Amino acid sequence: MSNIFILRVQSSEGTKRIDWTTQDTYKKLYEKVVDVFSLSSSDHFVLYREQNKKSPIPRSPIKTNFRHGDIIYLVSEQDNLFSKENSSSSLIIKSDKPIIKSSSQLNFLSKLLDIKEDDVDLQLEKIDGRIPRQQDPQLCRHNRHGKCLNCIPIEPYDEEYLKNHNPPIKHMSFQAYIRKLQNETSGDRNTFSSLENISCSIKDQCSTGHAPWPKGVCTKCQPNPMTLMLQPYRHVDNIMFENGNMVNRFLNYWRSAGHQRIGFLYGRYEVYDGVPLGVRAVVTAIYEPPQETSKDSVELIFPDLHEGIVDELADCLGIRRIGWIFTDLIPNDKRLGTGPVVHHRGNMNTLFLTAQECIMAGWFQNKHLNRCKYSPDGHFGSKFVTVVVTGDASGQIQFEGYQVSNQCMALVKSDILLPTYDAPELGYIKETSSEQYVPDVYYKEKDSYNNEIMKIARPLPLEYLIIDIPTGFPTANAQIQSTFNDNCSIITTPFCVENRTKINELQDMDTLALYVQQFAEIDVKNSKSNPYKATDILADLHLLLYLVVNDIFQFSMDQLNPLLNSLRTNDLKGVETWMEGDHWQTLLQLLQIELPSLSSSVNQLTHTDSEEQSSQWTCSQCTFLNNNSNQKCDMCSLENNTSS
């Protein structure tokens, strides 16, 4: 029987081994190389005995004369030898933590094309992202067309660039983090980063077949211990409110009642050029859900019956829920409730977010996950932001933006992060019990000798879980058009915000009639230019929601869809056409009953032809439109008392 020995085959894809005997031929050698490299045929490569390609190995049926441990060299005769026929073998999965290669990776790769990421992520993926640099007159010695190490573009995750940026960038963007993971490998186009979501929960059913917790546990089903680390990246790099009027409407509740308030932010994500490959959250509207408020606390009321309607309206308008906002304002003069506000949070000497707020932010982020094709789960992290309205060092109101890290999201999802009793800046990790297995959670700090030590997270400083995000408003020179009518100068009394009965703000037909009257009282004929547009009347999320949920005259989503599409595309003609329809006309007739003074000037709100309006009269009893030739109402037979 022939002895078996090893031959090594070196190629551009690495070195592999094949088993060999003294009875095998050169033709058999080519066949084994095809099998070990998973190639289609042996026609597109040549084997050599030496690296300098001077001794090719023939494909003849002659017995070989190799020795144990010999190395041969595979040279491809085409560029795509390995990627064309077996592209999956050239895909490198790079993980942000060690993973076990299995068939699940192939399932992950097959799902990449099925995951629909956010539009802003698709835009950023097409951008090169590298930061260009000008030629240095002192260090560069080449002509203006050349490049050297001192002037070549640098990567968007370059630590020195982020550190020396003005102002410094504390966290790289999420897309830059993905580029960093990809470039840590060979840099091939077929290199992917597998982003593993953290789990702090024990598996319900273990493959080993032992009894579930607390009767049994093993290393396969128990979660790994966690060491809290500052997250180097963030999913959102900037938060911007389209205008200040929407925020003033939100703050008017606190100014009127002195109570704290919570709202949901609706808007969009767009590319932000202040950070390499950055993402900006643009807030266009604030929806205030049902809640119980007081001077020092807020409690949301679940379920919100109108939550689905608001999300559907937002989707038709091209926006979505992107975050939440809450006030933490304490007046300096508590007796009067006026004057400057107290600066009691937002720096290292106080706190950024309390444990309860971190848990709430983590709960919202787990509810609004970020779709990501580089994760086997189809999602990774969240773009959902948190905005706190509080006082600054000068006693003025300021806005602070935050997110919690992916580690905090995992702790909240597993329900093991708790607030402390008397220290809002600290959290506490639940201990293992018979009802729940809790993994060990640690954090690092330095002792009195400047040595780094590990401590159990009972309690834990919340700074490890918090990521701050710059928050502000457009500059005076920025040409930003507001999505809604918050900046309309004609509106002196905006339509009431929902769920504000505590301060006597009610959404009813009376308030709607008063809102519409602002536009009806304007003398359009004597104005040199039209002082307002049709979009200024209806571009209000609170008004649109009332049209759907009111008890008097409800609009269905099918009836509103043409209006919403016109508002989304800023189609003024489309809005005017919708206002000429029967639904809006009927509502205006109802408003004239609520507010008779509106009747004389309502025609200019209908955008209908004046001759058509003059040929009809409205019944004061049932609001039916009748022809002038009729002396009695066709609906209720009431005589026409209007003067000719």
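Eight strands make up an open sheet with mixed pairing, in the order 25-19-18-15-11-12-10-26. Strands here are DSSP runs of E of at least two residues, helices are runs of H or I of at least four residues, and both are numbered from the N terminus. Two strands pair if DSSP finds at least two bridges between them. The model is predicted, so local features need pLDDT of at least 70 and side-chain atom pairs count only at pLDDT 80 or more, while totals for chains, interfaces and linings use all residues. Residues are numbered from 1 along each chain as its sequence is written, and side-chain values use heavy atoms, with hydrogens and water left out.

Asparagine 238 has arginine 280 of strand 12 as its bridge partner. Strands of a sheet pair through backbone hydrogen bonds, either parallel or antiparallel.

Another open sheet has three strands in the order 8-22-23, and its pairing is mixed. Strand 8 (226–228) and strand 23 are the edge strands; each has a single partner strand, so one side of each has no neighbour in the sheet. From one strand to the next, the twist averages 35°. Axes are lines fitted to C-alpha atoms, for helices over the stretch in contact, and angles run from 0 to 180 degrees between N-to-C directions. Strand 8 and strand 22 run parallel and are joined by three bridges. Leucine 228 stands opposite tyrosine 443 in strand 22. Helix 10 (residues 406–413) lies across strand 8 and strand 22, and runs at about 130° to strand 8.

**Helix 1**

Which residues of helix 1 are buried? In helix 1 (residues 26–36) they are Tyr26, Leu29, Tyr30, Val33 and Val34. Buried means under 20% relative accessible area, exposed means over 50%, and partly exposed lies in between (1.4 Å probe, protein chains only). Seen down the axis of helix 1, these buried residues fall within an arc of 140°, so they line one face of the helix. The arc is that of the directions from the helix axis to the C-beta atoms. An α-helix has 3.6 residues a turn, so residues three or four places apart point the same way.

The buried residues of helix 1 pack against strand 1 (4–11), strand 2 (14–21), strand 3 (45–48) and strand 4 (71–76). Contact means heavy atoms within 4.5 Å.

**Helix pairs**

Helix 8 (residues 307–316) packs with helix 14 (residues 557–568) at an angle of about 45°, and their axes are 8 Å apart. The two helices, helix 8 and helix 14, are therefore oblique to each other. Angles under 35 degrees count as roughly parallel, over 145 as roughly antiparallel, 65 to 115 as roughly perpendicular and the rest as oblique. On helix 8 the contact is made by Glu312, Leu313 and Cys316, and on helix 14 by Met557, Leu560, Asn561, Leu564, Asn565 and Arg568. These residues divide into five nonpolar, two polar and two charged. Ala, Val, Leu, Ile, Met, Phe, Trp, Tyr, Cys and Pro count as nonpolar, Asp, Glu, Lys and Arg as charged, and the others, Gly among them, as polar.

The axes of helix 11 (residues 509–520) and helix 16 (residues 582–594) come within 9 Å and cross at roughly 100°. Helix 11 is thus roughly perpendicular to helix 16. In this contact, Met509, Asp510, Leu512, Ala513 and Val516 of helix 11 meet Leu587, Leu588, Leu591 and Glu594 of helix 16. By class, the contact of helix 11 with helix 16 has seven nonpolar, no polar and two charged residues.

**Backbone details in loops**

| Peptide bond | Omega |
|---|---|
| asparagine 166 to proline 167 | near -5° |
| arginine 458 to proline 459 | near 0° |

Proline 167 lies in the loop between helix 5 (159–164) and strand 6 (172–173). Proline 459 lies in the loop between strand 23 (452–456) and strand 24 (460–461).

Serine 38 has a positive phi of about 55° although it is not a glycine. This serine 38 follows helix 1, in the loop between helix 1 and strand 3. At 41% relative accessibility, serine 38 counts as partly exposed.

Asparagine 450, also a residue other than glycine, has a positive phi near 65°. Asparagine 450 lies in the loop between strand 22 (441–446) and strand 23. Is asparagine 450 buried or exposed? With a relative accessible area of 55%, asparagine 450 is exposed.
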